[in-house]
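My entries follow the structure.

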Amino acid sequence: MTKALVLGGGGVTGVAWEIGMLHGLTEHGVDLTDAELFVGTSAGSSVAAQVLSGVPLEDLFAHQIADASGEIAARLGPGVILPFLIAGLWPGDPARGRAWLGRRALRARTMPEAERRAVIARRIGDGGWPATARLRIVAVEAGTGAVRVFDASSGIPLVDAVAASCAVPLVWPPVTIGGARYIDGGVRTVANADLADGSRQVVVLAPVTRSVRRSGRPAAQLAALGPGVHGTVVSPDAAARAAIGRNPLDPARRRAAAEAGRAQAATEAARLRTLWS
(Lines give C-alpha, C1' and ligand atoms only; values in the text may rest on other atoms or scores of the structure.)
Protein backbone atom coordinates (compact mmCIF):
# COMPACT_ATOMS: atom_id res chain seq x y z
CA MET A 1 0.00 0.00 0.00
CA THR A 2 1.17 3.50 -0.79
CA LYS A 3 -1.35 5.97 0.63
CA ALA A 4 -3.21 5.83 3.94
CA LEU A 5 -5.76 8.21 5.39
CA VAL A 6 -6.11 8.02 9.18
CA LEU A 7 -9.28 9.53 10.62
CA GLY A 8 -9.24 10.08 14.37
CA GLY A 9 -11.92 10.36 17.02
CA GLY A 10 -13.63 13.55 18.11
CA GLY A 11 -17.40 13.17 18.50
CA VAL A 12 -20.04 14.65 16.23
CA THR A 13 -18.01 17.82 15.81
CA GLY A 14 -15.03 15.69 14.84
CA VAL A 15 -17.10 14.03 12.14
CA ALA A 16 -18.15 17.45 10.89
CA TRP A 17 -14.64 18.93 10.94
CA GLU A 18 -13.15 15.94 9.10
CA ILE A 19 -15.84 15.97 6.40
CA GLY A 20 -15.47 19.74 6.06
CA MET A 21 -11.71 19.35 5.72
CA LEU A 22 -11.97 16.58 3.11
CA HIS A 23 -14.55 18.53 1.12
CA GLY A 24 -12.53 21.73 1.29
CA LEU A 25 -9.37 19.96 0.17
CA THR A 26 -11.09 18.57 -2.93
CA GLU A 27 -12.12 22.13 -3.78
CA HIS A 28 -8.41 22.94 -3.79
CA GLY A 29 -7.48 19.94 -5.90
CA VAL A 30 -6.38 17.58 -3.13
CA ASP A 31 -8.35 14.33 -2.90
CA LEU A 32 -7.33 12.35 0.17
CA THR A 33 -10.15 9.89 -0.41
CA ASP A 34 -8.18 8.07 -3.10
CA ALA A 35 -6.13 6.38 -0.35
CA GLU A 36 -5.66 2.62 -0.56
CA LEU A 37 -6.03 2.26 3.23
CA PHE A 38 -8.35 4.01 5.67
CA VAL A 39 -7.93 3.72 9.45
CA GLY A 40 -11.02 4.86 11.35
CA THR A 41 -11.33 5.41 15.08
CA SER A 42 -14.60 6.45 16.71
CA ALA A 43 -15.81 9.52 14.79
CA GLY A 44 -13.22 8.70 12.14
CA SER A 45 -14.75 5.29 11.55
CA SER A 46 -18.05 6.98 10.73
CA VAL A 47 -16.34 9.41 8.37
CA ALA A 48 -14.44 6.61 6.62
CA ALA A 49 -17.62 4.58 6.15
CA GLN A 50 -19.48 7.57 4.75
CA VAL A 51 -16.67 8.60 2.41
CA LEU A 52 -16.28 5.05 1.08
CA SER A 53 -20.03 4.62 0.60
CA GLY A 54 -19.89 6.42 -2.72
CA VAL A 55 -21.88 9.45 -1.56
CA PRO A 56 -20.13 12.58 -2.93
CA LEU A 57 -18.25 14.69 -0.40
CA GLU A 58 -20.35 17.66 -1.42
CA ASP A 59 -23.47 15.83 -0.27
CA LEU A 60 -21.85 14.63 2.95
CA PHE A 61 -20.85 18.21 3.69
CA ALA A 62 -24.37 19.46 2.95
CA HIS A 63 -25.71 17.05 5.56
CA GLN A 64 -23.26 18.35 8.15
CA ILE A 65 -24.41 21.94 7.73
CA ALA A 66 -28.12 21.00 7.76
CA ASP A 67 -30.31 21.55 10.81
CA ALA A 68 -29.16 19.28 13.65
CA SER A 69 -31.94 20.10 16.11
CA GLY A 70 -33.42 16.58 15.95
CA GLU A 71 -30.19 14.80 16.89
CA ILE A 72 -29.38 13.34 20.30
CA ALA A 73 -27.03 15.52 22.34
CA ALA A 74 -24.65 14.23 25.01
CA ARG A 75 -21.88 15.68 27.10
CA LEU A 76 -18.32 14.72 28.06
CA GLY A 77 -18.41 15.88 31.66
CA PRO A 78 -15.96 15.11 34.49
CA GLY A 79 -17.78 11.84 35.17
CA VAL A 80 -16.65 10.63 31.74
CA ILE A 81 -13.31 12.36 31.34
CA LEU A 82 -11.87 11.34 34.73
CA PRO A 83 -12.34 7.58 34.15
CA PHE A 84 -10.71 8.01 30.73
CA LEU A 85 -7.69 9.59 32.41
CA ILE A 86 -7.50 6.88 35.08
CA ALA A 87 -7.63 4.16 32.43
CA GLY A 88 -4.96 5.89 30.38
CA LEU A 89 -2.63 6.24 33.37
CA TRP A 90 -3.10 2.66 34.55
CA PRO A 91 0.30 1.21 35.53
CA GLY A 92 1.64 -1.86 33.79
CA ASP A 93 -0.40 -3.50 31.06
CA PRO A 94 -2.57 -0.83 29.33
CA ALA A 95 -5.22 -3.47 28.64
CA ARG A 96 -5.97 -3.64 32.35
CA GLY A 97 -6.83 0.06 32.42
CA ARG A 98 -9.02 -0.30 29.34
CA ALA A 99 -10.79 -3.28 30.92
CA TRP A 100 -11.43 -1.29 34.11
CA LEU A 101 -13.07 1.42 32.03
CA GLY A 102 -14.92 -1.19 29.99
CA ARG A 103 -16.43 -2.78 33.08
CA ARG A 104 -17.69 0.61 34.19
CA ALA A 105 -19.19 1.12 30.73
CA LEU A 106 -21.00 -2.23 30.96
CA ARG A 107 -22.67 -1.10 34.20
CA ALA A 108 -23.54 2.40 33.04
CA ARG A 109 -27.11 3.43 32.27
CA THR A 110 -27.29 4.57 28.67
CA MET A 111 -29.73 4.47 25.78
CA PRO A 112 -30.66 1.00 24.44
CA GLU A 113 -28.03 -0.60 22.24
CA ALA A 114 -30.47 -1.20 19.37
CA GLU A 115 -31.47 2.47 19.38
CA ARG A 116 -27.86 3.59 19.19
CA ARG A 117 -27.15 1.11 16.38
CA ALA A 118 -30.04 2.61 14.43
CA VAL A 119 -28.48 6.06 14.79
CA ILE A 120 -25.21 4.77 13.31
CA ALA A 121 -27.04 2.97 10.50
CA ARG A 122 -28.81 6.17 9.48
CA ARG A 123 -25.50 8.00 9.55
CA ILE A 124 -23.44 5.65 7.36
CA GLY A 125 -26.06 3.88 5.25
CA ASP A 126 -26.23 0.13 4.60
CA GLY A 127 -23.84 -0.34 1.71
CA GLY A 128 -21.54 -2.71 3.60
CA TRP A 129 -17.77 -2.85 3.58
CA PRO A 130 -16.13 -0.93 0.73
CA ALA A 131 -14.60 -2.71 -2.23
CA THR A 132 -12.53 0.25 -3.41
CA ALA A 133 -10.12 0.50 -0.46
CA ARG A 134 -9.13 -1.36 2.66
CA LEU A 135 -10.79 -0.10 5.84
CA ARG A 136 -9.58 -0.81 9.37
CA ILE A 137 -11.89 0.11 12.25
CA VAL A 138 -10.67 0.05 15.84
CA ALA A 139 -12.64 -0.96 18.93
CA VAL A 140 -11.83 -2.27 22.41
CA GLU A 141 -13.37 -5.33 24.07
CA ALA A 142 -14.99 -4.06 27.22
CA GLY A 143 -14.40 -7.09 29.41
CA THR A 144 -10.71 -7.65 28.66
CA GLY A 145 -9.41 -4.36 27.27
CA ALA A 146 -8.15 -6.20 24.20
CA VAL A 147 -7.90 -4.16 21.01
CA ARG A 148 -9.86 -5.40 18.01
CA VAL A 149 -9.30 -4.18 14.47
CA PHE A 150 -12.29 -4.95 12.26
CA ASP A 151 -12.09 -5.09 8.48
CA ALA A 152 -13.97 -6.68 5.59
CA SER A 153 -12.60 -10.11 6.52
CA SER A 154 -14.07 -9.96 10.04
CA GLY A 155 -17.42 -11.29 8.91
CA ILE A 156 -19.56 -8.68 10.64
CA PRO A 157 -21.73 -5.86 9.27
CA LEU A 158 -19.93 -2.56 8.78
CA VAL A 159 -22.54 -0.77 10.91
CA ASP A 160 -21.66 -2.98 13.89
CA ALA A 161 -17.95 -2.21 13.56
CA VAL A 162 -18.62 1.53 13.36
CA ALA A 163 -21.08 1.43 16.26
CA ALA A 164 -18.49 -0.40 18.37
CA SER A 165 -15.75 2.07 17.51
CA CYS A 166 -18.09 4.98 18.37
CA ALA A 167 -19.33 3.52 21.68
CA VAL A 168 -17.97 6.23 24.00
CA PRO A 169 -17.86 4.53 27.41
CA LEU A 170 -20.28 5.89 30.02
CA VAL A 171 -22.09 7.86 27.27
CA TRP A 172 -23.21 5.28 24.68
CA PRO A 173 -23.89 1.56 25.21
CA PRO A 174 -21.21 -1.04 24.50
CA VAL A 175 -21.90 -2.90 21.25
CA THR A 176 -22.43 -6.65 21.08
CA ILE A 177 -20.51 -8.50 18.37
CA GLY A 178 -20.13 -12.27 18.40
CA GLY A 179 -20.96 -12.57 22.07
CA ALA A 180 -18.46 -9.91 23.17
CA ARG A 181 -19.15 -6.28 24.09
CA TYR A 182 -17.07 -3.48 22.62
CA ILE A 183 -16.35 0.16 23.45
CA ASP A 184 -14.83 3.13 21.65
CA GLY A 185 -11.60 2.57 19.72
CA GLY A 186 -10.34 5.89 21.06
CA VAL A 187 -9.85 4.21 24.43
CA ARG A 188 -6.70 2.74 22.90
CA THR A 189 -5.44 5.96 21.31
CA VAL A 190 -7.19 8.94 19.75
CA ALA A 191 -6.30 8.08 16.14
CA ASN A 192 -4.44 4.73 16.13
CA ALA A 193 -2.14 6.02 13.42
CA ASP A 194 0.24 3.11 13.96
CA LEU A 195 -2.29 0.93 12.12
CA ALA A 196 -1.28 2.66 8.89
CA ASP A 197 1.82 0.47 8.85
CA GLY A 198 2.80 -0.66 5.39
CA SER A 199 1.96 2.67 3.79
CA ARG A 200 4.49 5.19 2.50
CA GLN A 201 2.30 8.31 2.47
CA VAL A 202 0.10 8.90 5.51
CA VAL A 203 -2.17 11.82 6.38
CA VAL A 204 -3.77 11.85 9.81
CA LEU A 205 -6.85 14.03 10.36
CA ALA A 206 -7.06 14.28 14.13
CA PRO A 207 -9.77 16.43 15.74
CA VAL A 208 -8.16 15.48 19.06
CA THR A 209 -4.40 15.06 19.51
CA ARG A 210 -4.13 14.99 23.29
CA SER A 211 -3.21 11.67 24.90
CA VAL A 212 -2.34 10.74 28.46
CA ARG A 213 0.70 8.88 27.18
CA ARG A 214 2.96 10.68 24.73
CA SER A 215 3.42 7.47 22.75
CA GLY A 216 -0.31 7.49 21.98
CA ARG A 217 -0.32 10.89 20.30
CA PRO A 218 -0.85 10.82 16.52
CA ALA A 219 2.46 12.54 15.76
CA ALA A 220 4.40 10.04 17.88
CA GLN A 221 2.67 7.09 16.28
CA LEU A 222 3.29 8.51 12.83
CA ALA A 223 6.99 8.99 13.59
CA ALA A 224 7.21 5.42 14.86
CA LEU A 225 6.16 4.09 11.45
CA GLY A 226 9.74 4.67 10.31
CA PRO A 227 11.92 7.03 8.30
CA GLY A 228 10.61 5.76 4.96
CA VAL A 229 7.11 7.05 5.69
CA HIS A 230 6.12 10.53 4.53
CA GLY A 231 3.32 11.72 6.74
CA THR A 232 1.70 14.58 8.59
CA VAL A 233 -0.95 15.25 11.20
CA VAL A 234 -3.66 17.84 10.57
CA SER A 235 -5.62 19.02 13.60
CA PRO A 236 -8.07 21.89 14.10
CA ASP A 237 -6.58 25.37 13.95
CA ALA A 238 -7.58 28.12 16.38
CA ALA A 239 -10.70 29.07 14.43
CA ALA A 240 -11.81 25.45 14.18
CA ARG A 241 -11.21 24.84 17.89
CA ALA A 242 -13.40 27.82 18.68
CA ALA A 243 -16.10 26.52 16.35
CA ILE A 244 -15.97 23.04 17.85
CA GLY A 245 -16.26 24.31 21.41
CA ARG A 246 -15.73 22.32 24.58
CA ASN A 247 -18.26 19.56 24.03
CA PRO A 248 -17.51 17.39 20.99
CA LEU A 249 -20.82 15.55 21.42
CA ASP A 250 -22.96 18.65 20.87
CA PRO A 251 -24.72 18.45 17.46
CA ALA A 252 -25.55 22.16 17.69
CA ARG A 253 -21.85 22.76 16.92
CA ARG A 254 -21.85 20.50 13.90
CA ARG A 255 -22.41 23.15 11.22
CA ALA A 256 -19.78 25.50 12.61
CA ALA A 257 -17.25 22.65 12.88
CA ALA A 258 -17.85 21.55 9.28
CA GLU A 259 -17.52 25.08 7.93
CA ALA A 260 -14.34 25.59 9.97
CA GLY A 261 -12.84 22.41 8.52
CA ARG A 262 -13.67 23.53 5.02
CA ALA A 263 -12.09 26.95 5.63
CA GLN A 264 -8.96 25.45 7.20
CA ALA A 265 -8.47 23.27 4.13
CA ALA A 266 -7.39 26.34 2.20
CA THR A 267 -4.34 26.73 4.43
CA GLU A 268 -3.48 23.01 4.45
CA ALA A 269 -3.93 22.26 0.75
CA ALA A 270 -0.47 23.20 -0.52
CA ARG A 271 1.56 21.02 1.85
CA LEU A 272 -0.87 18.12 1.59
CA ARG A 273 -0.79 18.29 -2.20
CA THR A 274 2.99 17.96 -2.11
CA LEU A 275 2.93 15.03 0.32
CA TRP A 276 0.06 13.18 -1.36
CA SER A 277 1.47 13.44 -4.88
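**Backbone angles**

I located Leu170 in the loop between α7 (158-165) and β5 (175-177); helices (H or I, at least four residues) and strands (E, at least two) are DSSP runs, numbered from the N terminus. I noted that Leu170, not a glycine, has a positive phi of about 80°. Most residues other than glycine have a negative phi.

This is a predicted model, in which local features need pLDDT of at least 70, side-chain atom pairs count only at pLDDT 80 or more, and totals for chains, interfaces and linings use all residues. Residues are numbered from 1 along each chain as its sequence is written, and side-chain values use heavy atoms, with hydrogens and water left out.

I then looked up Asn192, in the loop between β6 (180-184) and β7 (201-205). Asn192 is not a glycine either, yet its phi is positive, about 55°.

**Helix pair**

I examined α4 (residues 78-88) and α5 (residues 94-107), whose axes come within 7 Å and cross at roughly 150°. α4 is therefore roughly antiparallel to α5 (angles over 145 degrees). The contact (heavy atoms within 4.5 Å) involves Pro83, Phe84, Ile86 and Ala87 of α4 and Gly97, Arg98, Trp100, Leu101 and Arg104 of α5.

**Annotated span**

I recorded 41% helix and 14% strand for residues 6-199, with the end C-alpha atoms 11 Å apart.

Note on methods:
Axes fitted to C-alpha atoms, helices over the stretch in contact; angles between N-to-C directions. Parallel < 35°, antiparallel > 145°, perpendicular 65-115°, else oblique.
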